[in-house]
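User: Could you take a close look at one helix pairing for me, and then at what lies around it? I am new to this, so please go step by step.

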Amino acid sequence: MDLLSWPVFALAVPAVIFAGVSKGGFGSGAAFASASILAIVLDPGAALGIMLPLLMVIDVVSLPAYWKKWRWPEARLLIAAGLPGVVLGALFYRWTNDDAIRLVIGLVCLLFIAWQWAQKAGVIRIERQMGQRAGILAGLTLGFTSFVSHAGGPAAAVYLLGRSLPKTAFQATTVLVFWAINLSKVGLYAGMGIFTRESLLLDLALIPAAVLGTWIGIKAHHLVPERVFFGLTYTLLGITGSKLIWDALS
C-alpha cells in the first residue's frame, strides 16, 4: 500500500494520537499498539519506520513536563543495558522476514495483555526493590523488543514497578529512557533502509497528531483513571495482536 495514500493517513492519525496519549501520560507501556495497528495494513518495517520519528517527537514534547523528575540510577541502568538489546534486535531484524516480525509483534501484544491480567489477578507478583541483575535483564529485553516492535515499555515497567517508584517519577523515568533508546535506533534504522522518503514525508504530516496526543496524555495523566485507558488499550492489542499472528501463520 502507498504510504502517502489517504487510507494510510486516516489510519495513522488516530494511531499516532494514541501513541502520544500513552507515552505522554501513562508510562508508554502500551504505545507500541500504534505500530501494531499500522502493521496490519503495512509491511512491519514500514510501520516501524513511520512510528520511530513520531515516537521521538513525543519523547521531546514529553520531556519538559517531567524534567528532572526521573530517577537517574534506574534510568542509567536501563539505558546502559538497553543499548546491547537494541543491537540484538537489529541482528534479529536483519536475519528474519516480515512474517516473523508480524509474529513477534502479535505475540508481544497478547503477552502484554496476559501479563497485565496475571499481575492484577495476583498470579504474578512483582518483587519489590529489584536489584541490578533484574535491571540489566529488563534493559536487554526492552532494547530488543523496542527495536523490533517499539514495545520496550512493558519490560521497563516491570523493573520500575519493582523499584517502588511514585507515579510521576515512574512516568518521567520511562520518558527519559525511551528518548535515549529511540535515539540509538535512528542510525540502525537508516542504515537498514527502514526509513524511506515516503515514510519521512508521512511523518512530517503526522507531527501535529503526535504533539496533540502528547498534550492530551500529559493532561490525562492527572485526570483519567488508568483502568479506563488500559481497558481500551487491551481491546486494541487483543484485536491487532490476533490479526498479526493470523497473518504471519496463514
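Analyst: Happy to! Let's begin with a term: a crossing is left-handed if the near helix is turned anticlockwise from the far one by less than a right angle, and right-handed if clockwise. Please keep in mind that this is a predicted model. In it, α3 passes α8 in a left-handed crossing.

Two packed helices are described by the angle between their axes and the distance between the axes. For helix α3 (residues 44-62) and helix α8 (residues 167-191), the angle is about 145° and the axes are 9 Å apart. On the α3 side, the contact is made by L48, G49, L52, L55, M56, D59, V60 and S62. Their partners on α8 are V175, F178, W179, N182, L183, K185, V186 and Y189. Sorted by class, this contact has 11 nonpolar residues, along with three polar and two charged ones.

Now follow the chain into the loop between α3 and α4 (72-95), where you will find K68. Most residues other than glycine have a negative phi. K68 is not a glycine, yet its phi is positive, at about 60°. K68 counts as exposed because its relative accessibility is 65%, and the cut-off for exposed is over 50%.

For a contrast, turn to S36 in helix α2 (residues 33-41). With 0% relative accessibility, S36 counts as buried. What is S36 in contact with, leaving aside its neighbours within four places in sequence? The answer is I105, C109, T240 and L244.

Technical notes
Residues numbered from 1 in each chain as written. Predicted model: local features only at pLDDT ≥ 70, side-chain atom pairs only at ≥ 80, totals over all residues. Heavy atoms only, no water. Axes fitted to C-alpha atoms, helices over the stretch in contact; angles between N-to-C directions. Helix = DSSP H or I, 4+ residues; strand = E, 2+ residues; numbered from the N terminus. Contact = heavy atoms within 4.5 Å. Nonpolar A, V, L, I, M, F, W, Y, C, P; charged D, E, K, R; others polar. Buried < 20%, exposed > 50% of the residue type's maximum accessible area, 1.4 Å probe, protein only.
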